[in-house]
Structure formats: C-alpha cells, structure tokens
Amino acid sequence: MSTQALTSLVAGNATLWLTLNVFGEQLGLPVPAYPSLLVMGAAADEAELLLALLASVAVTGVADLLWYWAGRRHGAWLLRHLPGQHVPAATRLPSLLLVAKFIPGAAALATLSAGASAMPLRRFLAYDLGGATLWIGSGLALGRLFEAHILALLDALQAYGPAPLLLAGLLGLALLGWHLLARRHGRPSPARQYCA
C-alpha cells in the first residue's frame, strides 16, 4: 500500500474501520487497536484525527458501559471466576480507570470491578472516558509524531504484497488456538506462563 493509497483510504472509510477495531478490542476480541491508531495518526489530516478521536472515545465508552453493567449485575460472580486475577480495591479504581487501557487485560477487569463495587455511573464515566481519551489520543499523537517512519515502513511492506498481513493473521490465529487449547486442558496460557 503506497502512501497515496493509504491517504485515499483515510479519506474514505478509515474512521469507520478504526472505530470498529477499537470497539472490538474493548469488547474483548483479539484485535489490537493501537497499531491502527498509530497508522491513522500518521496518515490522517487534523479534521480526520479529531473525528477519529471522538468516534473512538464514544465506542470505547459504549463497550465499557457494557462491561460496567455486567459488573453491576454479575460482577461478584465474574470476578470470583477469573483465574489468577487480582481484583483492585475500590479506592484505587478511579486512578486505575485512567491507565487501564495501556495495560493488556486490565481495562475489562477495572470496568467489571467498578460495576461490582457500585461506583456511581457519573464518576465511572468521567474516569473511564478520561482514560480512553488518553489511550486513543496517545496512539494518534505518536502516529503523527513518527509519521515519516510509519509511512516509510508501510511503503517498504508494499513490496511484499499481502504476505506480512497474512503471516501476522496466521500467527494471531495460532496464538489464539494455543491459548484456547491450554485453557481446555487446564494448563496456564502462554501469556500467563511468561508473566508469572
């Protein structure tokens, strides 16, 4: 994909694809959104960046509200059945909500805990949307900061065609399969083995 093709993509439906990517990740799907934020930051103009920021924060808020309401309704049961997870204390939840998006797996745990601890909805939304703005804004800002490098990397990858994307997808599917297989047989997942 050339820089011109990427720019035309951004001018088209890139914000829609970015918000779907962010929404999917916030729901818990294995579709990392931070690389998309970096690319969007590198390729979009200021108006598109603002639209991407607002739309991504909005869908993050919707996904987090779903986790929050799940925590309100089934939080105690859900938190008891998360293997190897440490539930944060209610007094630390507001500050955790500000940084949880930067820590893999912590965002869902923090929003579930906020719901289970009956954190007031307004307070939850203020801290959660603040954290979402920090996370999304940092990805877009880093993309803008390293714009020349990111676009040069995308141009270099163009010579390989779709092979790098296909390889990354296959690797992601293999890791997901390994994780599901490990859970089925009661063994810790590869991520937990290395993080312990």
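Tutor: Let's start with Asp64, which, leaving aside its neighbours within four places in sequence, is in contact (heavy atoms within 4.5 Å) with Gln26, Lys101, Thr111, Phe124 and Asp128. Keep in mind that this is a predicted model: local features need pLDDT of at least 70, side-chain atom pairs count only at pLDDT 80 or more, and totals for chains, interfaces and linings use all residues. Residues are numbered from 1 along each chain as its sequence is written, and side-chain values use heavy atoms, with hydrogens and water left out.

Asp64 sits in helix H4; helices here are DSSP runs of H or I with at least four residues, strands are E runs of at least two, and both are numbered from the N terminus. Asp64 counts as buried because its relative accessibility is 1%, where buried means under 20% relative accessible area, exposed over 50% and partly exposed in between, with a 1.4 Å probe and protein chains only.

H2 has 14 residues and spans 20 Å from first C-alpha to last, close to the 20 Å expected (1.5 Å times one less than its number of residues). Just past the end of H2, Gly28 has a positive phi of about 110°.

H2 packs on H3 at about 155°, with the axes 9 Å apart; axes are lines fitted to C-alpha atoms, for helices over the stretch in contact, and angles run from 0 to 180 degrees between N-to-C directions. That makes the pair roughly antiparallel, the word for angles over 145 degrees. On the H2 side the contact is made by Ala14, Thr15, Leu18, Asn21, Val22 and Glu25, and on the H3 side by Tyr34, Ser36, Leu37 and Met40.

Leu18, Val22, Leu37 and Met40 turn up again in the largest nonpolar core, among those of its 13 residues that touch the most other members. Such a core is a set of buried Ala, Val, Leu, Ile, Met, Phe, Trp, Tyr and Cys residues joined through side-chain atoms within 4.5 Å. H2, H3, H4 and H7 each give two or more residues to this core. A second, separate core of ten residues includes Tyr68, Leu97, Ala107 and Met119.

How values were computed
Parallel < 35°, antiparallel > 145°, perpendicular 65-115°, else oblique.
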